[in-house]
Amino acid sequence: MSVSQFRGVIRRSEISDGAHRADSLDDYKIAKRGDIVFNKMSIRDGAMGLAREDGLVTYHYEVMRPRPAVEARYVVYLMKSSWFGGELIKRERGIGAGGAKGVRTTEVPFRVLRTIDCYIPTVEGQRAIADFLDRETAQIDSMIEAQNVLMQELRERQRAAISNTIDSDASLQRVPLRRLITGISQGWSPQCEDTPVDDPSTQWSVLKVGCVNGGVFRPEQNKMLPGDLEPRPELGLRAGDLLMSRGNTREWVGSAAVVDRDYPTLMLSDLLYRVAVDRSLVSSEYVALALSTRKARDEIEIAAKGASHSMQKVSQGDIRSTTIPLRSLQAQSDVVNEASAITVRADAMISAAQEVIDLLRERREALITAAVTGRIDPETGTECIEEGAA
């Protein structure tokens with residue numbers, strides 16, 4: 001099993017179809033139905049929940065079994081409150097602990113967690129609070145899900161609009177990329193730190209494969225190069241580089257994006273291709289857009305091979321065989337500009353939806369904190385006024 005920030009304790013198969021990540025299950029922990037499970041490394045982010053069935057979790061997790069006179073749902077809500085988060089920060093151990101700048105890896109094991117003094121009402125009071133929060137957070141979660149659906153629809157409309165723009169002229173000849181490129185190269189994937197660098201333009205790091213997901217280049221998707229390894233400057237990125245993922249899930253394998261500026265210390269990884277285009281025929285920006293259309297995606301996904309959905313790969317030959325519609329350079333520029341305008345409009349609407357989600361999550365956290373610290377009457381849902389208050 002795994003623990004999600006928003007979904008609680010779930011089967012790992014719900015988020016990945018890959019095999020378990022250990023050679024042996026000997027070091028795994030048993031979680032029984034009704035146990036509280038949290039991730040020691042990301043507890044401050046709310047990665048905890050109630051086990052709904054028996055299962056196994058890795059050593060990164062702690063498993064707590066509530067006493068008979070304790071409502072486990074109340075404890076989970078308590079641990080998700082901002083008050084509890086503040087207590088966690090005081091007790092963190094690890095790099096960047098205590099909320100310091102550059103937080104990377106923090107850890108709060110149970111032996112530290114148990115030192116926090118908490119407000120614990122009677123078991124009847126705990127159940128009343130948990131029931132109240134179950135109802136209220138379910139409504140908020142429903143509104144959040146509606147915004148997530150809207151964002152997904154907006155992204156799909158954006159992709160469809162861009163595809164229509166590129167594939168609108170049925171008279172255009174579809175040309176295999178081998179006729180439009182001058183070469184394909186791969187990068188290097190040494191054993192890196194799990195954390196990204198603060199400034200990928202000046203600190204040595206290696207790109208993660210997800211840096212091109214969705215057709216947008218994300219330099220923050222990187223891993224820090226260990227100090228005992230010599231960097232390879234020839235793998236640094238240059239403005240205009242066309243990058244493609246050669247290994248990823250079926251949805252993202254073959255994703256392409258253009259590097260926006262020079263990153264001399266940010267290196268290409270082995271799971272990425274750098275595709276050199278013939279600039280007398282095509283632009284990198286146009287090729288990246290053309291590869292995001294449904295027709296090109298169908299070709300890539302059919303060609304992709306792998307033992308599981310979570311890791312599909314495409315060869316250089318597959319990329320060279322993928323076809324895109326060929327236009328004049330001026331027509332390509334027009335298409336890129338139109339696609340950019342579509343993206344700007346879609347991004348504005350997606351940003352607005354994300355703001356609503358952020359506000360709803362803030363409301364959810366504030367409600368939980370008020371309820372578990374006794375500031376809300378769970379029977380009426382009204383705020384409790386302290387004696388002597390005006």
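User: Before we dig in, what does it take for two strands to pair here?
Analyst: Two strands pair if DSSP finds at least two bridges between them. Keep in mind that this is a predicted model.

User: What about strand 17, how many bridges join it to strand 15?
Analyst: Three, and this pair runs antiparallel too. Strand 17 spans residues 256-258, and its Ala 256 stands opposite Met 244.

User: Which way do the residues of strand 15 point?
Analyst: Leu 242 and Met 244 point one way, while Leu 243 and Ser 245 point the other way. In a regular strand the side chains alternate between the two faces of the sheet.

User: Are those four buried or exposed?
Analyst: All of them are buried.

User: Switching topic: how many residues of helix 5 are buried?
Analyst: Seven of the eight, so the helix, residues 284-291, is mostly covered. Among the buried ones are Tyr 286, Val 287 and Leu 289.

User: Now Asp 358, where is that found?
Analyst: Asp 358 sits in helix 8, which runs over residues 329-372.

User: How far apart are the C-alpha atoms of Asp 358 and Ile 144?
Analyst: They're separated by 8.9 Å, though the two residues are 214 residues apart along the chain.

Methods. Residues are numbered from 1 along each chain as its sequence is written. This is a predicted model: local features need pLDDT of at least 70, side-chain atom pairs count only at pLDDT 80 or more; totals for chains, interfaces and linings use all residues. Side-chain values use heavy atoms; hydrogens and water are left out. Buried means under 20% relative accessible area, exposed over 50%, partly exposed in between (1.4 Å probe, protein chains only). Helices (H or I, at least four residues) and strands (E, at least two) are DSSP runs, numbered from the N terminus.
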